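Let's take a friendly walk through this structure. Have a look at the sequence and the model before reading on.

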Amino acid sequence: MLLKELTEASGVSGNEKEVRDLIISEIKDYVDSYKIDKIGNIIAYKKGKDFGKKLMITAHMDEVGLMIKDIDKDGFLKFITVGGIDKRILVSKPVLVGKNKLPGVIGAKPIHLQKPDERKRALNIDELYIDIGAKSKEEAEKHVNIGDYAIFDSDYVEFGDGLVKAKALDNRVGCSLLIKLIKEIKDISFYAVFTVMEEVGLVGAGPAAFEVNPDYAIILEGTLCYDMPKLDTHLIPTYLNNGPAISLIDRTTIYNRKFRDKIVEIAEKNNIPYQYRKTSMGGNDSGKIHTAKEGCITTAISVPCRYIHSTASVMSKKDYDNTFELLKEILLHFEKGEI
């Protein structure tokens, strides 16, 4: 299954090669051209009917993770985080280090030995380490180098009523949707762009948008979901099983209302469930895309994911399928000149 392969691949920001190679192997026979730009983005072109406007659909390839910064005398690895990670979720988590995916575990002082004040707070990153089973610095250095990346060791699992647990659903779910669009859409021209380093400042999106210079852009994402009990509804950004989430505003973009209203109209006309992303927190590649060159009209359509930026995110396959159906209908309206 494609989503399983994508989520289990290693692609921490700045080290997207494994994910990029997988994507290229999937799309190369379905696009008219593709290139890897200097920063590592994939820019592919799917030729079909020309509707007079340039459309770009994007998804970022990278995930949050860790980078090794030091190896101590006992062979333990010290690390820094790459992207936004809650330090409270790190202790005892299994990881895979380096290109050979060496198994390790994030360790810390046992709670039995912690001082009272240490038990009351999340341990700082500098108090954690990765244990790869090495007995010395010299032994560890045979397998690990400073600057190596580490990913969370987390398998793709289907559970419950149509739910999926995996790492990196932000944003391999967007990559999966875009690959599926490339394979199934045959009658409309669009650029499919898979960007790098979104999690560390939307780095790849700007150069990609500058090159393509689109009139419209659709940003595909896995977005935060917190549909827990005892919260007022206005505090819940998205719900599982309520359909794709359409963004109103976030930290980097106020989304074009006319474009958003048209998408809502399309969803309602085709009985596709949808919801609004009811928070301004966070951001995505639209922040750089909509300001490139003379500007671009953008929308962000996301699959809600619980526990993003952790070792195990959760999404609904129903939301995934409904997001894809909405995207197909949006492209049909582009083809007809109705957007």
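Does L202 count as buried or exposed? At 9% relative accessibility, L202 counts as buried, where buried means under 20% relative accessible area, exposed over 50% and partly exposed in between, with a 1.4 Å probe and protein chains only.

Before we go further, two notes on how to read all this. This is a predicted model, in which local features need pLDDT of at least 70 and side-chain atom pairs count only at pLDDT 80 or more, while totals for chains, interfaces and linings use all residues. Residues are numbered from 1 along each chain as its sequence is written, and side-chain values use heavy atoms, with hydrogens and water left out.

L202 sits in the loop between strand 12 and helix 6 (205-212); helices (H or I, at least four residues) and strands (E, at least two) are DSSP runs, numbered from the N terminus. Most residues other than glycine have a negative phi, and most peptide bonds are trans. S92 also has a positive phi, near 75°, and is a residue other than glycine. You'll find S92 in the loop between strand 5 (77-82) and strand 6, and with a relative accessible area of 48% S92 is partly exposed. Then there's the peptide bond from D170 to N171, which is cis, with omega near 15°. N171 lies in helix 5.

**Two domains**

The protein chain is divided into domain 1 (2-63 + 167-335) and domain 2 (65-152), with bounds that come from an automatic or database domain assignment. Their C-alpha centres lie 32 Å apart. The contact between them takes 15 residues from domain 1 and 13 residues from domain 2, where contact means heavy atoms within 4.5 Å.

**Pockets and a cavity**

On a 1 Å grid over the protein atoms alone, a cavity is a set of points where a 1.4 Å probe fits but cannot get out, and a pocket is an open set with protein on both sides within 12 Å along at least five of seven lines; lining residues have an atom within 4 Å of a point. Grid points are joined across faces, edges and corners, and a volume is the space filled by probe spheres set on the points. For the classes, Ala, Val, Leu, Ile, Met, Phe, Trp, Tyr, Cys and Pro count as nonpolar, Asp, Glu, Lys and Arg as charged, and the others, Gly among them, as polar.

| Space | Volume | Lining residues by class |
|---|---|---|
| Largest pocket | about 700 Å³ | 10 nonpolar, 11 polar, nine charged |
| Second largest pocket | about 220 Å³ | four nonpolar, three polar, five charged |
| Largest cavity | about 80 Å³ | four nonpolar, three polar, four charged |

Where does the largest pocket lie? Domain 1 and domain 2 both give residues to the lining of the largest pocket, so it lies between them. The largest pocket has a volume of about 700 Å³, and of the 30 residues that line it, D170, L224, G282, I308 and H309 are the closest to its centre. Strand 13 (216-225) and strand 16 (297-306) are the elements that give two or more residues to this lining, and strand 13 gives the most, with five.

The second largest pocket also lies between the domains, because domain 1 and domain 2 both give residues to its lining. Among its lining residues are K17, E18, D21, L96, G98 and Y149. Helix 2 (17-27) and strand 9 (149-152) are the elements that give two or more residues to that lining.

As for cavities, the count comes to one of 30 Å³ or more. Its lining includes E63, V64, F152, D170 and H309.

**Helix 2 and some strands**

In helix 2, V19, R20, L22, I23, I24, E26 and I27 are buried. These buried residues pack against helix 1 (2-8), strand 1 (33-36), strand 2 (42-46), helix 5 (169-184) and strand 12 (190-195).

Two strands pair if DSSP finds at least two bridges between them. Strand 6 (residues 94-97) and strand 7 (residues 102-107) pair in the antiparallel sense over four bridges, and the bridge partner of L96 in strand 7 is P103. Their hairpin has four residues between the strands, and there G98 takes a positive phi near 75°. Strand 7 also pairs in the antiparallel sense with strand 8 (residues 129-131), over three bridges, and G107 stands opposite Y129 in strand 8.
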